[in-house]
Structure formats: C-alpha cells, structure tokens
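Me: I have a new model open and would like to go through it piece by piece. Can we start with a single residue and work outwards?

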Amino acid sequence: MVADLLVAVAAAGSAGVVYLASAVRVIKQYERGVLFRLGRVRGDVRSPGLNLIIPFVDRLQKVNMQIVTMPVPAQEGITRDNVTVRVDAVVYFRVVDAASALVKVEDYKFAVSQMAQTSLRSIIGKSDLDDLLSDREKLNQGLELMIDSPAVGWGIQVDRVEIKDVSLPDTMKRSMARQAEADRERRARIINADAELQASKKLAEAAQQMAETPTALQLRLLQTVMAVAAEKNSTLVLPIPVELLHFLERGGRPSPPDQDQDRAPAPGHTDGGRERYADGTPPLPVPGTDGPPQVPVIDPDGPPQAPVIDPDGPPQAPLTSTDSTPQAP
C-alpha cells in the first residue's frame with residue numbers, strides 16, 4: 001500500500017509540474033502579450049515578466065514593440081515633368097497597440113510594406129525631378145503622412161520615412177551633367193570678367209599715379225628686373241618703356257629762347273666775330289647790330305628825313321621839301 005501511495009504521489013507531482021510548466025509564460029521587456037481565451041481577447045495586454053495561463057484553454061501571443069526598419073522596394077514611375085525615375089525608401093515604424101495590431105490586420109508588417117509602396121508611387125507622380133533631388137525633406141513628410149493615416153487604425157505608429165536613392169536614366173544623367181558644366185562655366189566667366197574689371201581699375205589708378213611721378217615707373221622696372229634676375233638659368237629681356245624714350249628725347253632738344261638771356265657768353269668763344277655760349281649755341285641777334293639794313297619809316301607830315309645812303313648803291317637825288325618858301329636869288 002505504501003508503495004502504491006508513493007507511486008500515486010509521484011505521478012500527481014509529475015502531472016502538477018507538467019501542468020505548471022505549460023501554464024507559465026515569460027514575456028521579454030520589449031514584448032507585450034495578448035491573451036486569447038477560447039478565441040476571445042481576455043483582459044488587458046500582459047506586461048513583461050512571468051505570466052500564467054490556463055493550459056489548453058488560453059493562448060498567449062507575443063507582439064514585438066521595438067521599432068521596425070522596413071526597406072521599401074524600388075518603385076518606377078513618371079514624375080510630373082515626364083521623367084522616368086526609380087525611387088526606393090525605408091520606413092521606421094513600431095506597434096503602439098498590440099491587440100489592434102493582431103486583431104484588426106492579418107499581417108501588419110506586410111500591410112505597412114504595401115502601403116509604403118503605393119504611397120511612394122503616388123509621391124513620384126505628384127513631384128518634379130528637382131523636388132526629388134533637392135527637396136527630399138518635404139517629400140519625406142508627405143510620404144510619412146500618407147502611410148501613417150491608415151496605420152493608426154492598425155495600432156501602428158510610423159516614426160520616419162526616408163527616400164534613399166533616386167535612379168535616373170543614363171541620357172538624363174548626361175544631360176544634367178552638361179547643364180551643370182555649362183552653369184559652372186558661366187559662373188567662372190563672370191568671376192573672371194569681374195576680376196578683370198577690378199584689375200583694370202587698379203591699373204588705371206596706378207598708371208595715373210606713375211604719370212604724375214615718372215621716376216616711379218623706373219623704380220618699378222628695376223624691381224621687375226631684380227625679381228627676374230633672381231631666377232637661375234633664365235634669359236632676361238629688358239623692355240624700354242615709351243616714357244623713357246620721351247625723357248631722352250626731351251633731354252636732346254635745345255633750351256628755350258628765354259633761357260639764352262640769362263646765360264652769359266663764355267669768354268674766348270667766338271664764331272666769326274660772334275661770341276658763343278659755353279655749350280656752343282650762338283646768342284640771338286640784336287636788331288640794329290647785325291643782319292640786313294632796316295628801312296626807315298617816313299612821316300609825310302613831319303620834317304624831312306635824311307636819306308639813308310648806301311655806299312654800294314646808285315647815287316640818290318637830293319630831297320626837296322614841298323612846303324618850303326622860294327628863296328631869293
């Protein structure tokens with residue numbers, strides 16, 4: 001009897017352990033449990049930790065509450081400006097209501113994936129190519145709103161949607177490359193022209209300053225020669241500026257006539273009875289002392305003038321006065 005009793009107790013204990021093991025459920029920290037009793041949701045969502053259920057009557061289904069990263073397959077579409085593109089994206093979402101995610105939708109991950117694909121194709125058709133390439137933040141917000149609206153009823157919250165890549169045809173890539181190159185060339189020419197304009201203004205100011213001080217041009221030339229001479233194995237070509245030729249030309253010209261009066265003739269320097277200056281230039285002739293004889297100016301109402309007799313010329317007739325009185329014989 002004792003042995004039978006011990007066997008019965010051991011069997012009951014074993015059955016109790018098996019029953020307890022089948023009734024215990026462990027829920028992790030990032031999970032929540034939804035209890036179905038005879039096919040109906042019973043009670044609130046079970047929290048993480050050790051939970052007991054009725055074996056063969058209750059079924060506890062766990063739901064992951066972590067953020068799910070779901071890539072959206074590349075979708076091909078035509079933009080509003082008639083450009084064919086392929087766009088792929090990624091969706092970040094998480095479950096906020098475990099019971100709704102299990103009851104209201106069959107497979108919430110597949111549902112979110114299909115909704116993201118259709119929303120992405122709709123966004124492509126409503127946008128321009130420039131918006132897809134440069135204004136992605138606005139498109140991301142619109143795509144997130146389109147996916148999140150139906151997902152709220154499924155107990156899903158969409159945290160973020162990002163457009164990953166925009167694939168263009170090869171012909172469009174070449175056209176955009178040519179456009180970008182032409183734009184950069186235009187900006188380079190504008191910058192170069194602006195630099196030339198500023199440099200020409202500065203050169204004009206420098207030329208005006210050097211025109212007032214010709215010595216500055218010579219100093220600048222010497223500086224250039226020194227800079228070129230510092231290089232080894234170089235041929236030096238020395239240019240002669242036009243201002244230097246003008247300076248040498250002015251130095252070879254005779255001095256103005258008004259300066260001859262201030263210079264005294266050097267003693268002992270004569271030329272045919274004329275004295276010369278020390279530099280060899282003859283003085284200007286003084287009227288009445290040299291040159292041809294001057295013709296006298298005769299006043300008809302004045303007294304008779306004595307004729308100027310040229311010893312080498314013909315004999316002159318005596319000059320009689322018309323106003324004189326006859327003389328007695």
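Me: Is aspartate 159 buried, partly exposed or exposed?
Reply: This is a predicted model. In it, aspartate 159 has a relative accessibility of 28%, so it counts as partly exposed.

Me: Which residue does aspartate 159 form a salt bridge with?
Reply: Its partner is arginine 94, and the closest N and O atoms are 3.7 Å apart. Aspartate 159 lies in strand S8 and arginine 94 in strand S7, so the bridge ties together parts that are 65 residues apart in sequence.

Me: And how accessible is arginine 94?
Reply: Arginine 94 has 30% relative accessibility, which counts as partly exposed.

Me: How many salt bridges are there in the whole structure?
Reply: A search finds 8. One of them joins the side chains of arginine 80 and aspartate 128, at 3.1 Å from N to O.

Me: Where do arginine 80 and aspartate 128 sit?
Reply: Arginine 80 is in the loop between S6 and S7, while aspartate 128 is in the loop between H3 and H4. The two are 48 residues apart, and the pair links distant parts of the chain.

Me: What about glutamate 185, which residue does it meet in a salt bridge?
Reply: Arginine 189, with 3.4 Å from N to O. Both are in helix H6, which covers residues 170-212, and being 4 residues apart they are separated by about one helical turn. Arginine 189 is exposed at 59% relative accessible area, whereas glutamate 185 is partly exposed at 41%.

Me: Which residues are linked in a network of salt bridges?
Reply: Asp183, Arg186 and Arg187 form such a network.

Me: Changing topic. Which residues touch the most other members of the largest nonpolar core?
Reply: Val85, Val87, Val91, Phe93, Tyr108 and Ile156 do, out of 36 residues in that core. Among the elements that give two or more residues to this core are strand S7 (84-95), helix H3 (108-126) and strand S8 (156-167).

Me: Which element gives the largest share?
Reply: H3, with 7 residues.

Me: Why would residues like that gather inside?
Reply: Nonpolar side chains tend to be buried together in soluble globular proteins.

Me: Back to valine 85. What is it in contact with, leaving aside neighbours within four places in sequence?
Reply: Its contacts include Gln75, Glu76, Gly77 and Thr79, along with Ile124, Leu129 and Leu132. Valine 85 also touches Val166, Ser167 and Leu168.

Me: What is the strand order in the open sheet of 3 strands?
Reply: The order is S3-S2-S5, and the pairing is antiparallel. Strand S3 (40-41) and strand S5 (58-64) are the edge strands, each pairing on one side only.

Me: How many bridges join S2 to S3?
Reply: There are 2 bridges between them. Arginine 37 has arginine 40, in S3, as its bridge partner.

Me: Last one, the whole chain. How many helices and strands does it have?
Reply: The chain has 8 helices and 10 strands. It contains 329 residues, and buried residues make up 19% of them. The accessible surface comes to about 24,700 Å², with 58% belonging to carbon and sulfur atoms. Of the contacts between residues at least 6 apart in sequence, 59% join residues at least 24 apart.

Technical notes
Residues are numbered from 1 along each chain as its sequence is written. This is a predicted model: local features need pLDDT of at least 70, side-chain atom pairs count only at pLDDT 80 or more; totals for chains, interfaces and linings use all residues. Side-chain values use heavy atoms; hydrogens and water are left out. A nonpolar core is a set of buried Ala, Val, Leu, Ile, Met, Phe, Trp, Tyr and Cys residues joined through side-chain atoms within 4.5 Å. Buried means under 20% relative accessible area, exposed over 50%, partly exposed in between (1.4 Å probe, protein chains only). Contact means heavy atoms within 4.5 Å. Two strands pair if DSSP finds at least two bridges between them. Accessible areas come from the Shrake-Rupley method with a 1.4 Å probe; for residues, only the protein chains shown count as cover. A salt bridge is a side-chain nitrogen of Lys or Arg within 4 Å of a carboxyl oxygen of Asp or Glu.
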